[in-house]
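Please keep the sequence and the model in view while reading.

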Amino acid sequence: MAVRSRLVVAVSLAGLLGLAACGSKDEAIGGGSGATSGSGGNSGNTGSGGSAGTAGSAGSTGSGGSTGGAGGSTGGSGGSTGGSAGSGGTAGAGGSAGTAGSGGSTGGSAGSTGGSAGSTGGSAGSTGGSGGAGGTAGTGGSAGTAGTGGTGGNPGDGMGCPGTKLYKVPEDTGARGPWPVGAKTAMVGALATEVWYPATLGSEAGQTAIQYDIRKWLPVTEQMKIPDVDNPWQPCNCYRDLPFDTSHGPYPVVIFIHGTAAWRAQSVQIMTHWASRGFVVVSQDHPGLFLADYLDFKLGANLVGDTDALITALKAPAGDLQFLANTIDMTHLGMSGHSAGGGAVTGYGGQAMVLIPLASGGVSAGAALKSTLIMGGQVDSVANYTGQQNGYNSSPAPKRLVGIANAGHLNFSDICSVGKDKGGLLAIAQRYMVKNANLAGFLFDCKDTQLPPEQGWPIVNRATTAALESVLMCSTTAAKSFDAVKTDPNVGEYREML
């Protein structure tokens, strides 16, 4: 298996997979004393209307206040009579409506109504003196404004496999899940390993999202060549060292293997999507395959040996992986890889329930294997799309094939998007004379004529997550998302044998 991995590395180079490298009561009346009948006396001053009641505050986290505070129920009543001959008192004005309750702190639905309007103005003076006219009726208060809902909110628990407790996730597997994503860097043996995981709800508030510095994946002699102003920072919708959501789980695990001349975070837009929906995702830098070694011509990765050691470590988490103890379920394991990394997952059907090679080939049968998803770009100039078609034909059922129209080799990674505003990773590396960068041009598969990766990621996220959740989370609805994949205008081919 190690010999085969080396051959995949030497032949494909994975398109270089990236060079260069988150109310108060109203007064009753003001009664004036009138004169005797004939010459009418002055009418009494009317009582002013009471002020409106204060709005009730919204409930605590969860749903927003259902209504605003009620408005003052009535305005002050008008003077009941004037003097014996006086004109009637003017009616008191109606109380203004209460202000609506504000939404809950975390958010649920908005307040359904504002405060109710004052029901009536004060009653008109009933009569004046013997010749006095009745007073004018008061005006009702205006209605209050509806309360505003907050953001976020606990999604509630959903269904998972027996013995597993998970939040509800959106039925569309292309939608991000409810968990904020935490990230930790661990050492597993000598290999740098990144773990993306479901973090405690709300723990990302006030935190700064990670930006990966791709210079760290260059040879040591080259890392200082690119200044910060031109550095192709890689954004991640994830946060360093957030608290793990241990109130749920155990969580299924997905291992991802990067391609040639790439790095462990090469496909972070995809991997963090999985983590947001309740997966623990693990990826390593593989010696003899990752970017620094490629630029130093230190080729010859042992991907199977590296991955076997990682699986062993995850089955009994210790050291830097201790935080995963009792929170992951290695009996529900999925594996994916890109290019050479996709080739490395081929023989893991005996341990993984789901295999997803990207821009690679097919897989072999195994006792644990329940589902295979093969994906490729139909204009891939590094690993021709016929390789994915042939891989689908040779793989055991149940299986699916998704070909993305006009997509290249790197559409399954962040590589073509990182540094794009500065000309792209390759151009930056060449500009600052990173060694051997010029040798990658003929393999670097980022072209303006291809489907932008930002349009390819939603397809990849929807399809891969549907495959993973259907099996690893025992979801009865996830597979419905393949209907949207089939009809996506950027999907050139869809096949399945279930």
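A residue is called buried under 20% relative accessible area, exposed over 50%, and partly exposed in between, as computed with a 1.4 Å probe on protein chains only. Helices (H or I, at least four residues) and strands (E, at least two) are DSSP runs numbered from the N terminus. This is a predicted model, in which local features need pLDDT of at least 70 and side-chain atom pairs count only at pLDDT 80 or more, while totals for chains, interfaces and linings use all residues. Residues are numbered from 1 along each chain as its sequence is written, and side-chain values use heavy atoms, with hydrogens and water left out.

Strand β13, residues 399-404, is mostly covered, with 6 of its 6 residues buried. K399, L401 and G403 point one way from the strand, and R400, V402 and I404 point the other way. Two strands are taken to pair if DSSP finds at least two bridges between them. Strand β12 (residues 371-377) runs parallel to β13 and is joined to it by 6 bridges; R400 is the bridge partner of L373. Between β12 and β13 the chain passes through helix α6 (residues 385-394) in a right-handed β-α-β crossover, a term meaning that, with the strands pointing away from the viewer, the path from the first strand over the helix to the second runs clockwise. Strand β14 (residues 491-497) pairs with β13 in the antiparallel sense, also over 6 bridges, and its Y494 stands opposite V402.

With a disulfide defined as a pair of cysteine sulfur atoms within 2.5 Å, the count comes to 3. C161 and C474 are joined with an S to S distance of 2.0 Å. Because C161 lies in the loop between β1 (157-158) and β2 (166-167) and C474 in the loop between α8 and α9 (481-486), this pair ties together parts 313 residues apart in sequence. C161 is buried at 5% relative accessible area, whereas C474 is partly exposed at 36%. C236 and C238 form another disulfide, and both are buried. In the link of C416 and C446, the sulfur atoms are 1.8 Å apart.
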